[in-house]
Amino acid sequence: MTDILTFCFASAEGLPRASLEVLAAGRRLGDELKNGCVQATLLGPDVEEHGKTLVHHGADEVFITSHPRLQYHEADVILETLETVVQQLSPDVVIFPHDALSGGNVAPRLAYRGKAMALMAASGPVQLATMRSRAFEPLAPDSARQGAVHTLEVDVDSMSSPVSLVERTQEEIEGISLDQAQIIVSGGRGMEDAEGFSALERLAEILGAAVGGSRPAADLGWVPHSQLVGQTGKIVAPNLYIAVAISGAPQHMAGAGSAKTIVAINKDEDAPIFKVAHVGVVGEWEKVIPALTTACKEVSSG
């Protein structure tokens with residue numbers, strides 16, 4: 001029997017999509033191994049009610065650690081909690097979502113390794129991996145699935161952190177967030193200035209899309225860093241990714257390459273992005289985007 005532990009984080013308000021995605025990945029692996037037992041460790045404040053939901057979405061066993069302190073997403077506290085959980089359960093495989101907290105912070109420290117982008121065969125007592133957002137579709141809930149839900153005894157109060165939480169502020173996100181968007185319109189250095197992004201925002205509003213940007217666009221202040229798409233920003237996998245005046249550097253495509261359909265608009269016909277785009281338009285964005293916006297507006301109003 002191979003025990004596959006998936007890391008799920010939740011709050012009293014809800015269970016995020018990322019938790020269901022990582023559970024779907026664990027379920028697929030368990031089914032492929034034939035003898036895989038898929039476990040979910042559920043962390044957060046007042047999350048007991050989500051236990052059965054995880055069973056319905058593919059978990060064989062759910063282990064809950066519920067504590068008010070876990071709502072603040074303190075990396076060191078989450079790390080110590082998961083170390084305790086792993087010691088108690090002794091899984092063979094641990095899977096994390098690759099986000100800023102777990103995949104980008106906790107998982108590498110738990111594995112005592114850094115990031116890697118490679119195809120590899122691992123050996124050892126425990127295998128640990130992180131997975132990109134939207135790499136898996138959550139499984140449809142099956143209310144007939146049976147599974148066990150347990151409460152783990154973890155002394156969260158005794159865990160120390162070298163960082164003291166002084167204040168927590170919630171960033172205001174206008175429009176659709178990149179993480180949840182099915183359509184994303186992104187601009188790059190070729191937009192030339194921040195004013196160009198106003199045209200992208202008009203197109204995005206019509207399409208019901210989020211607006212993103214490349215690393216140069218973010219560094220120049222044309223878009224907030226919270227909207228940066230790329231290896232050092234958000235990893236996205238929308239149904240449609242419209243890349244405007246973006247060259248297609250590997251660092252950017254590491255964040256956008258999983259999109260189901262990529263439309264590239266660039267005046268340089270030799271831009272690398274055309275090698276990965278499903279649809280390519282060679283032309284100046286100043287002419288293409290207004291025409292595209294008008295066409296989309298006519299379709300949506302018709």
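In this predicted model, is S186 buried or exposed, and what surrounds this residue?

Analyst: S186 is buried, since its relative accessible area is 0% and the cut-off for burial is under 20%. The residue is found in strand β7, which covers residues 183-187. Leaving aside residues up to four places away in sequence, S186 touches L200, G212, G213, V229, Y241, I242, A243, V244 and I246.

The strand that holds S186, β7, is part of an open sheet of five strands in the order β8-β7-β9-β10-β11, with parallel pairing. The edges of this sheet are β8 (210-213) and β11 (279-282); each has a single partner strand, so one side of each is left without a neighbour in the sheet. On average, and with direction ignored, neighbouring strands here are turned by 15 degrees against each other.

Further along the order, strand β9 (residues 240-244) runs parallel to strand β10 (residues 261-266), and five bridges join them. One of the residues touched by S186 is A243, and the bridge partner of A243 in β10 is A264. Helix α5 (residues 196-207) packs on the sheet and touches β7, β8 and β9, with a direction at about 175 degrees to that of β7. Helix α8 (residues 285-301) also packs on the sheet, where it touches β9, β10 and β11; the direction of α8 makes about 135 degrees with that of β10.

There is also an open sheet formed by six strands, in the order β5-β4-β1-β2-β3-β6 and with parallel pairing. Here β5 and β6 (148-151) stand at the edges with a single partner strand each, so one side of each has no neighbour in the sheet. The twist from one strand to the next averages 20 degrees. Helix α1 (residues 17-33) packs on this sheet, touching β1, β2 (36-44), β4 and β5, and its direction makes about 170 degrees with that of β1.

Five of the five residues of β4 (residues 93-97) are buried, so the strand is largely enclosed by the rest of the structure. V93, I95 and P97 point one way from β4, while V94 and F96 point the other way, and all are buried. On the β1 side, three bridges join β4 to strand β1 (residues 2-9) in a parallel run, and T6 stands opposite I95. On the β5 side, β4 pairs with strand β5 (residues 127-131) over five bridges, again in the parallel sense, with V93 opposite Q127.

From α3, the residues A75, D76, I78, L79, L82, E83 and V86 meet N105, V106, R109 and L110 of α4. By type, the residues of this contact divide into seven nonpolar, one polar and three charged.

Key:
Residues are numbered from 1 along each chain as its sequence is written. This is a predicted model: local features need pLDDT of at least 70, side-chain atom pairs count only at pLDDT 80 or more; totals for chains, interfaces and linings use all residues. Side-chain values use heavy atoms; hydrogens and water are left out. Contact means heavy atoms within 4.5 Å. Helices (H or I, at least four residues) and strands (E, at least two) are DSSP runs, numbered from the N terminus. Ala, Val, Leu, Ile, Met, Phe, Trp, Tyr, Cys and Pro count as nonpolar, Asp, Glu, Lys and Arg as charged, and the others, Gly among them, as polar. Buried means under 20% relative accessible area, exposed over 50%, partly exposed in between (1.4 Å probe, protein chains only). Two strands pair if DSSP finds at least two bridges between them. Axes are lines fitted to C-alpha atoms, for helices over the stretch in contact, and angles run from 0 to 180 degrees between N-to-C directions.
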